[in-house]
Amino acid sequence: MMKNSRQIAFETLYKIFYDDAYSNIALDKALAGLESGKSFAARLVYGVVERRITLDSIIESFCKKPKPKVLIILRMGVYQLYFMDKVPSNAAINESVELANKNGLSFYSKLINAVLHNADEKRINIEDIKENSVKYSVPENLLHMWYKAYGEEPVNAFLPCLNESAPVFAVPNLQFVDAEELLYELNCDGMEGEVIGGLVEITSSFDLNKSRAFQNGLFHIEDISCYNAVQALGIEQNDVVLDICSAPGGKAFTAASFMKDKGTIYALDIYEHRINLIKNGAARLSLKSVVPMINDGMQFNSELPAADKIICDVPCSGFGIIRRKPEIRYKNLDSIKNLPEMQMKILETSAKYLKKGGRLLYSTCTLNKRENEKITEAFVAGHADFRILESKTTFPEEKGGDGFFYSVIERI
């Protein structure tokens, strides 16, 4: 029997919450067996993960400590009632009861029916919730870390953005088109957008596999915060550039575009399958300057050349891209405590390749000063021949980029 979208969402959510599966991987695998309703299933999965704390608070008002599978069905039901306007209340409730019956939970069907009816009839206004942790579904420990590091006003300003769709930006391949010309090509593909800071924000739904402009190598996708960081490095034609943790290659492709494909960018990563992503992307974009190579960023490689510019975008906790990967917000903070040691090791190793007068970009897609300012400040304090030229933290914005940090460091 073919599974419907709610069944797919139920099974996927169980894997995410109780088997520690990654949402995008688990969902992509599950959707492969679904003929219709893929967008509904995806919205339900990502929405329930995103709003888990809010949903649990609502459920707890009407029911105490339901069993795991019952809790998932209740989360799905409440999400449909509160956040999916196009789903009628009776459908959200009846389908939740039916889902329980189909999954051996008939004993709990009356409970599920009662809780969802109460949640619908005695609606809690999300905007009236005073606790920001519950209102925006952000764990208290993460929220407190942000408040301590950045202050309440900027954090409260970006919290609403964490539960909104992230904007998508197309970076024009400057060998062939600028932003205005790319927008025209995208319009011809049936896509809508607007030019923002040399990029095109795609404002309509799209399928890259059906975009002639994408297949012809006229653009690649990259967040504007990352694009701006690469731009700040000041890459010039004929530079030798090392992109230390390159895959899937967006930063290298942006750098190559700034250079008009004149120079050499060694796009480095530790795994072959990730190197293949870079190779395929560079080939699609007709970039000859990008040279993908397997390399361990934590080990000095004497075969690599001295570089004019270095891009050092290190692995991080990812707290700046929560709206793209909602489960990141629930990371145990203890699980990331060893990241700064690895990040410093990659930075120390990367700096050894930099020519005198050259510049290095250290960047992360996280909002955590232990992985950001404290790394670069400690590095410069321990190396008299390096200085910080510029550091910047960006917070998620409705019409802007993700949370991001970068620092441009010069070798004196």
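Entry 1: Searching the whole structure turned up one cavity of 30 Å³ or more. My note on the term: on a 1 Å grid over the protein atoms alone, a cavity is a set of points where a 1.4 Å probe fits but cannot get out, and lining residues have an atom within 4 Å of a point. Grid points are joined across faces, edges and corners, and the volume is the space filled by probe spheres set on the points.

Which residues line the largest cavity? I found Ser225, Asn228, Lys392, Thr394, Phe404 and Tyr406. Helix 13 (224-232), strand 10 (386-394) and strand 11 (404-411) each give two or more residues to this lining. Helices (H or I, at least four residues) and strands (E, at least two) are DSSP runs, numbered from the N terminus. By class, I have two nonpolar, three polar and one charged residues in the lining. Here Ala, Val, Leu, Ile, Met, Phe, Trp, Tyr, Cys and Pro count as nonpolar, Asp, Glu, Lys and Arg as charged, and the others, Gly among them, as polar.

**Entry 2: the cysteines.** How many disulfides (cysteine sulfur pairs within 2.5 Å) does the structure hold? I got zero. Cys226 has its closest cysteine sulfur in Cys365, and at 8.5 Å that is too far for a bond. Cys245 is in no disulfide either, with the sulfur of Cys312 nearest at 6.0 Å.

Are they buried or exposed? Buried means under 20% relative accessible area, exposed over 50%, partly exposed in between (1.4 Å probe, protein chains only). Cys226 is buried at 13%, and Cys245 is buried at 17%.

Entry 3: Most residues other than glycine have a negative phi, and most peptide bonds are trans. So I noted the exceptions. Ala247 and Pro248 are joined by a cis peptide bond, with omega about 5 degrees. Pro248 sits in the loop between strand 5 (240-243) and helix 14 (250-258).

Asp20 is not a glycine, yet its phi is positive, about 60 degrees. I found Asp20 in the loop between helix 1 (5-18) and helix 2 (23-31), exposed at 66% relative accessibility. Ser137 also has a positive phi, about 55 degrees, and lies in the loop between helix 8 (132-135) and helix 9 (140-150). Ser137 is buried, at 0%.

Residues are numbered from 1 along each chain as its sequence is written, and side-chain values use heavy atoms, leaving out hydrogens and water. Since the model is predicted, local features need pLDDT of at least 70 and side-chain atom pairs count only at pLDDT 80 or more, while totals for chains, interfaces and linings use all residues.

Definitions and conventions. 1 Å grid on protein atoms, 1.4 Å probe; cavity = no way out; pocket = protein on both sides within 12 Å on 5 of 7 lines; lining within 4 Å. Disulfide = S-S within 2.5 Å.
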